Structures are given as structure tokens and as C-alpha cells.
Amino acid sequence: MSLDDNDDARFDTVIDRRGTQSSKWDYMEKYYGVSPTDGLAMWTADSDYPAPACVTQALHAAADHGIFGYTPINDEYHAAIQWWMQTRHNWTIDPEWILTVQGLGNAIALALDVWSDAGDHAVIFSPVYHEFRVKIEKSGRKVTECPLVRDGDTYQLDLADAQSRLTGREKLLIWCSPQNPSGRVWSVTELRDLAEFAARNDLLLVTDEVHHDLVYSGSTFVPLHVAAPEHQDRMVVLTSASKTFNIAGQRTGNMIISNTALRRQMQHRLNTLDYKPAGLSLLMITAAYSLAGAEWVDAQVAYLEGNRRLFDAAMDAIPGVHSLPLKSTYLAWVDFSGTGMSYEEISRRVLKEARIAPSSGPEFGAGGETFLRFNLATPRARIQEACDRLQAAFGDLQ
């Protein structure tokens, strides 16, 4: 499948998700004032095409069986995760390291609960996935925000500046790799530097690697565990099949913890909460982490790369607008600063004139003030429609 193929029905078929209790489509009017009747939902990070056939076939077989009794976390599930990390990311993990939780948002909340106290601080590097801040503040902790440095089309770490911002109350560093919203793929050197920064400041390093399978040609994702093995004992690695296979609604993810003491502390908390994942979610993830799932992911990434090129070219054709070239994820990070418009005017044109609901840039923290984030995981016909609408909304700049 070439990068320009546009005939793959797995991704090209437009499916109407309105009226299906999709938060992305059915709630965009509530949050953005954009009606699903004629609006385009490009905010929530899930996809508008079905999960792979290997997943739906496993579900059909379970439905045909018709019995949905108690299902424990099992060896087959752990083996599938272990195989995927080894074959796709050259990361050797012990199945005993895997703790299953109710998605990665839940994992971050649990990490804050178990390894910090009310009033403690957690470090984030912004702009970054807005839920990091939300989870920290909901837990009664405080954010130590360390801005990334914009360097042309990419972001760089400034660890000297970050050091100057620490208060001494920090307990955790919550990291995003690949980076959301910019799609940045961190180098091994950068990851090592980050791990050393965490070690110098005695910070637990919680790394969200949920987008690790969605990496484009020319870039290579390296798990933090692999990049800085000497600091594994302070790492909690968060992974999930949710973004990769469009099964986020199953609310299942993993905390991979090699440090025995840390793992036992988290397992104790899970035991006190009596948390156990749903049997169908375990079935779906086991089916996804397979040879058939790998083929589907490769096809998806190729398709997304075509969407990315189409969208970037259209945005860059609007004077004063620039879409930062993604190295990973399906979330385009678009800078409108060159238009000279206020954020309010930019939003008005996108929401009211183009009738598109993207994610708000300022929600991602320092550095996001002039940005919007657009979800490109949708059939290409919708990408073209979004491009046409945005070019029309800013047509007076042409």
C-alpha cells in the first residue's frame, strides 16, 4: 500500500457516528456550539473508522458464545502485550510488570494518589495534553509548568530552565512520548537527559506512551525504558491499545512497572479499590496485539500520513497559518499566530464559519495560545471538506 493510496475501504468509508453516544460527535454542540447536523468533529482523540477485523471478529465470536461470565486477567493477554512491545518497539518486558487499569487517565490519577500527597507538585512540560493538568489539580496537587522551547517546527527541552522552576515540593514528572499535541518524537539523547533530570531531583517519572504505534516514516519511537535503562527503577510506563486500534471506549490501559516496590504499592491500591478490567476489553486487546493487528496498524499509519500531507498543504496555503509537520500521532497542531488575529477571532472563524470543532490550543498550557489541534483520524473526504471550509473561513487573507 503506497502512501498515496485512497481506495482502502477500511479507512475511506464514511460512517455516521451521530446518535451513537459518541462523545466526539454527540457532545460537540454542548462544548463547542457546533451542531453535529452540519459540523465536523475534530477534537476528541478517537478515530472515525472501525477497529480492525481481528478485533471485531473476536467480539462476534464472544457474542455467538453468549456467556459473559467472570474473566480474570490471563496469561494470553499478558503474552500479547509482551509480544507487541518486543516486536514493535524492541522492548523486552516481564509480564509480571504489567498492571491493568481503567485507561491512562485513570493511571495518571492513580499515580498521583499513590505516590504523592495533597499539596505536592507534579512537573509537566507544556504545551502538553491538557488532561495532565486536569488530573493533577483534581487530585489536590499543584502543577509545576515547564515550557518547551519552540524552535521552528519543533519543540526542545530546556532542562536548565525547568530546574529553575522547581519548588522542592515536586514528587512526579508526567511526561508525554510521543508528544501530544505537537507530534514530537523524542530522541534517545533527549530521553536520557530527561531521565537524568528526574534522578537528580528524585522525581518519579510517569511516561504516557499511548501514541507510540502511530509514528510516521523517517521517525523512530524509542520507549523511555529502552532509552534510559539505568533509570528504570523510577519509571512508570503507561501504554494502551486505545488510540492505536480505536478502542478507547473500552477504558483499559496498562501501567508497566519494573520496580518491584513501586509495583507492589500500586497493586495494593488496585486491590483496595477492587478494580478488575472487563472481560471483553481483555479479549479485544489480545486480538489486536497480533500479526493481523500489526498489518492493520501499518495500513492505518500510511493512510494517516496521506491525510497529514493533504491537511498540512491546505493549512500552509492560508497566509499566516502553519501546521507543524507531525512525526507521530493523528493530531495536527496548527499555529494561527501569523494571521495577527486574536484567539477569539480565530476560534469564531473556525467554529462559526467553518463549523469545525477542534481542540482549543490554550488548554494545552504555555505555548498553545495561538494554536488549535485538529484530529486527522477520519476518512480523507472529511479531511478535504475541513480543508475547504477552513480556507473559505480565512478567505479574506488569500
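**Legends to close-up views of the predicted model**

**View 1. A salt bridge joins R349 and D396, whose closest N and O atoms are 2.6 Å apart.** The term salt bridge is used for a side-chain nitrogen of Lys or Arg within 4 Å of a carboxyl oxygen of Asp or Glu. R349 belongs to helix α15 (residues 343-353) and D396 to the segment after α16 (380-393), so that this pair links distant parts of the chain, 47 residues apart. Helices (H or I, at least four residues) and strands (E, at least two) are DSSP runs, numbered from the N terminus. R349 counts as buried because its relative accessibility is 10%, whereas D396, with a relative accessible area of 54%, is exposed. Here buried means under 20% relative accessible area, exposed means over 50%, and partly exposed lies in between (1.4 Å probe, protein chains only). The structure is a predicted model, in which local features need pLDDT of at least 70 and side-chain atom pairs count only at pLDDT 80 or more, while totals for chains, interfaces and linings use all residues. Residues are numbered from 1 along each chain as its sequence is written, and side-chain values use heavy atoms, with hydrogens and water left out.

**View 2. D120 forms salt bridges with R169 and with K171.** The closest N and O atoms of R169 and D120 are 3.3 Å apart. R169 lies in the loop between α8 (159-165) and β7 (170-176) and D120 in the loop between α6 (104-115) and β3 (121-126), so this pair ties together parts that are 49 residues apart in sequence. In the pair of D120 and K171, the N to O distance is 3.1 Å, and the link runs from the loop between α6 and β3 to strand β7, across 51 residues. D120 counts as buried at 5% relative accessibility, while R169 counts as partly exposed at 41% and K171 is partly exposed with a relative accessible area of 34%.

**View 3. A network of salt bridges links R17, K24, D46, D48 and R382.** In the model, the count of salt bridges comes to 26. Side chains of opposite charge can pair when their charged atoms come close.

**View 4. The largest nonpolar core has 91 residues, and those with the most contacts inside it are F125, F311 and F374.** Helix α14 (residues 291-316) gives the most to this core, with 10 residues. Such a core is a set of buried Ala, Val, Leu, Ile, Met, Phe, Trp, Tyr and Cys residues joined through side-chain atoms within 4.5 Å. Leaving aside neighbours within four places in sequence, F311 is in contact (heavy atoms within 4.5 Å) with S323, A332, V334, F374, L376, I383, C387 and L390. In soluble globular proteins, nonpolar side chains tend to be buried together.

**View 5. F68, L280 and L283 make a nonpolar surface patch of about 270 Å².** Patches are made of residues with over 30% relative accessible area and no salt bridge, like charges being joined within 9 Å and nonpolar side chains (Val, Leu, Ile, Met, Phe, Trp, Tyr) within 5 Å. Accessible areas come from the Shrake-Rupley method with a 1.4 Å probe, and for residues only the protein chains shown count as cover. F68 is found in the loop between α4 (53-65) and α5 (75-89), and at 55% relative accessibility F68 counts as exposed.

**View 6. Cis peptide bonds join S126 to P127 and S177 to P178.** For the bond between S126 and P127, omega is about 5 degrees, and P127 is found in the loop between β3 and α7 (130-138). For the bond between S177 and P178, omega is about -5 degrees, and the place of P178 is in the loop between β7 and α9 (188-200).

**View 7. Q21 and D274 have positive phi values, although neither is a glycine.** Phi of Q21 is about 65 degrees; this residue is placed in the loop between α1 (9-12) and α2 (23-26) and, at 64% relative accessibility, counts as exposed. Phi of D274 is near 55 degrees; D274 is found in the loop between α12 (260-273) and α13 (279-288) and is exposed, with a relative accessible area of 56%.
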